[in-house]
Amino acid sequence: MFKKILIANRGEIACRVIKTARKMGIRTVAVYSDADKDALHVAMADEAVAIGPAASAQSYLVVDKIVAACKATGAEAVHPGYGFLSEKREFQEALAKAGIAFIGPDAHAIFAMGDKIESKKLAREAGVNTVPGFLGVIKDADEAVKIAREIGYPVMLKASAGGGGKGMRLAWNDAEAHEGFTSATNEARTSFGDDRVFVEKFIEQPRHIEIQVLADGQGTTLYLGERECSIQRRHQKVIEEAPSPFLTPETRKAMGEQACALARIVNYKSAGTVEFIVGGATGEFYFLEMNTRLQVEHPVTEMITGLDLVEQMIRVAAGEKLSITQDDVKLTGWSMEARVYAEDPFRGFLPSTGRLTRYQPPAENAQVRVDTGVYEGGEISMFYDPMIAKLITYGPTRDAAIAHMRQALDEYYIRGLSHNIPFLASLFSKERFVKGNLTTNFIAEEYPNGFTSDDLPADDPTTLIAVAAAMKRRIVERNIRISGQFPGHEMKAPDQWTVLLGGTYHDVDIHPASGGYAVVVGGEAIEVKTDWQIGQPLIRATVDGRPVCVQVDRTGVSFRLSHSGVQAEVWVLTRRTAEMHKLMPYKAPPDMSKFLLSPMPGLLVKLLVEDGQEVKAGEPIAVIEAMKMENILKAERDSTIAKCHAKAGDSLAVDQKIVEFGS
């Protein structure tokens, strides 16, 4: 077994690998860029090596720097994680040349499966179902149209070297096929340096299901069940689960056996994933691609099989044979994974960068797992993927796993930047999701106008009202205890309050009862039990016996409570104060409609207008760079630029003024 391994990655996956290596008694080496010198994976590793500037192209993607770090530290093997160099055959070859083991498959398998056209040819050779299509090189848009007609619309045009949703176009007719081929070719050339595009049948009502395989290269190849990955936004996975609520045991076996056949044809060694697309109406499945690395969503497979996939990868790379057979693989219970990102779902999922001023993930136990690479006080950098963590839950049934996930999302306390937890809470509350009626079109169909506050799960307001009243009561009781230190001073806790929530005043009666409080809201008696203390960010309570977790922030004399993704400003007032409060004039927020505001923190790369210039609706005004992506801001209507408030090169904050429009 290896004595020391290097992790050629960063963030949560680097931390994840370090945990398993530590469990196995293996020392670890982290690598880090200038932006990551204070990162969690650097602190967790036994050693750390600086490898260059923040930009990944100058650090994490430079093969020579990784090899040099191995030589300098004496690392015998490298785990690549996912992304970066994990599927670069040149990296595996460079390590092999230096006598360093690669914890993954060999260069032949990486190359064979990394090319979408070649991998489909191999899949057909292995007897794997493939989507009807044309896998040859298409010379021009006219030929693409001809091929599309022969296959039958709708078709998907895909870049052979593509990934992450780039170089893909859906076509329903000749015009879209012609235009789509040109766009996909250009995008493929720009993104991957490879402009080859192929055409295949588009499967309607598709589900994205993948099979986890594990092989030792010594004759044993296993499948470890499937993962349902249909909940996607712009071809990026958002929620994954295992097993799939759709597959029958017979289909699972058939898909697993085909996945193993494909792995064997390239003499695959290590953990890998074979992705399939499944027709929701027919149940027929077709090979999509093979990922020759550890998947982001691997924890859900670990939760239902009890296997540590990273450990298995390390043991196989060290020359060990697998110690289990296919009959030993048992799928027990259900697991869900949600990707928690630093992004603002209310602003079109724009990335959010900055410091995590408060960070408290839910406590880990048999039902909850948190794979993260951040910590309170750390920063989400503009240079890398904005993932904060992967939140994984487990239960004996699918409903139980969902319930644990919803509770864990309520307990995930993040401040300092925007995050997608409200969106995740909404997804898990959708009746269609709970029923398992999933397709890759789920998000587009459930949120046709994008995500707004109207999409947040509906919750009985009496829950928040009762919790707010109990919270206020505990604050007052604490103050009474403190005041009791002064002789002759006594206070009686008020038992009548008025709670202002959502613009509505609610009279509430509250008094101690049964080890908690009896709260009467609108004539309905509610039992609330909590041991919350002032200063704690989470109010954990039971409301009529139901566990509830509410996040609390003090905002002057009011509170901001968060539950199930919903945020609400709450005032808890005495009856007399409430009467006076109703008489207070309302101060409307300033009208900012005449300003173009920055939708995200970022760099103003270009300002395309000047004072006095006339602009038309849809005309570009500014270009902002964030997370290494350029975002073009356009005029919403015909107008005149009254004043420019920013200039190219400025670092912008969220809602900072860029230009002011005339009347």
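Guide: Let's begin with what the element names mean: helices (H or I, at least four residues) and strands (E, at least two) are DSSP runs, numbered from the N terminus. With that naming, Pro243 falls in the loop between β12 (236-242) and α9. Keep in mind that this is a predicted model.

Visitor: What makes the peptide bond from Ala242 to Pro243 cis?

Guide: Look at omega, which is near -5° for that bond. There's also a cis peptide bond between Tyr153 and Pro154, with omega about 0°. Pro154 sits in the loop between α7 (141-151) and β7 (155-159).

Visitor: How do you know that the length of helix α9 agrees with its number of residues?

Guide: Helix α9 covers residues 249-265, which makes 17 residues.

Visitor: Which residues of α9 are buried, and what do they pack against?

Guide: The buried ones are Arg252, Met255, Gly256, Gln258, Ala259, Cys260, Leu262 and Ala263. The partners of the buried residues in α9 include the helices α5 (107-114) and α6 (116-125), along with the strands β10 (206-216) and β11 (221-233). After α9 comes Asn267, with a positive phi near 50°.

Visitor: Why is α16 called largely enclosed?

Guide: Count its buried residues: 17 of the 23 are buried, so the rest of the structure largely encloses α16.

Visitor: Why is Thr73 called buried?

Guide: Buried means under 20% relative accessible area. Thr73 has 12%, so Thr73 is buried. You'll find Thr73 in helix α3 (residues 63-73), touching Lys4, Val29, Glu47 and Val49, leaving aside residues up to four places away in sequence.

Visitor: And what makes Val654 partly exposed?

Guide: Partly exposed lies between the buried cut-off, under 20%, and the exposed one, over 50%. Val654 comes in at 40%, so Val654 counts as partly exposed. Its place is the loop between β38 (651-652) and β39 (657-661). Val654 and Thr353 are 301 residues apart in sequence, yet their C-alpha atoms are 10 Å apart in space.

Visitor: Is Ser514 buried or exposed, and how do you know?

Guide: Exposed means over 50%, and Ser514 has a relative accessible area of 57%, so Ser514 is exposed. Ser514 lies in the loop between β25 (504-513) and β26 (516-521), and has a positive phi of about 50° although it is not a glycine. Phe84 isn't a glycine either, and has a positive phi of about 45°. At 25% relative accessibility, Phe84 counts as partly exposed.

Visitor: Stepping back, what does the secondary structure of the chain come to, and why is the chain called as compact as a globular protein of that length?

Guide: There are 17 helices and 39 strands. The radius of gyration is 28 Å, close to the 26 Å that the globule rule gives for 663 residues, so the chain is as compact as a globular protein of that length. Of those 663 residues, 54% count as buried.

Note on methods:
Residues numbered from 1 in each chain as written. Predicted model: local features only at pLDDT ≥ 70, side-chain atom pairs only at ≥ 80, totals over all residues. Heavy atoms only, no water. Expected span 1.5 Å × (residues − 1). Buried < 20%, exposed > 50% of the residue type's maximum accessible area, 1.4 Å probe, protein only. Contact = heavy atoms within 4.5 Å. Rg over C-alpha atoms; globule rule 2.2 N^0.38 Å.
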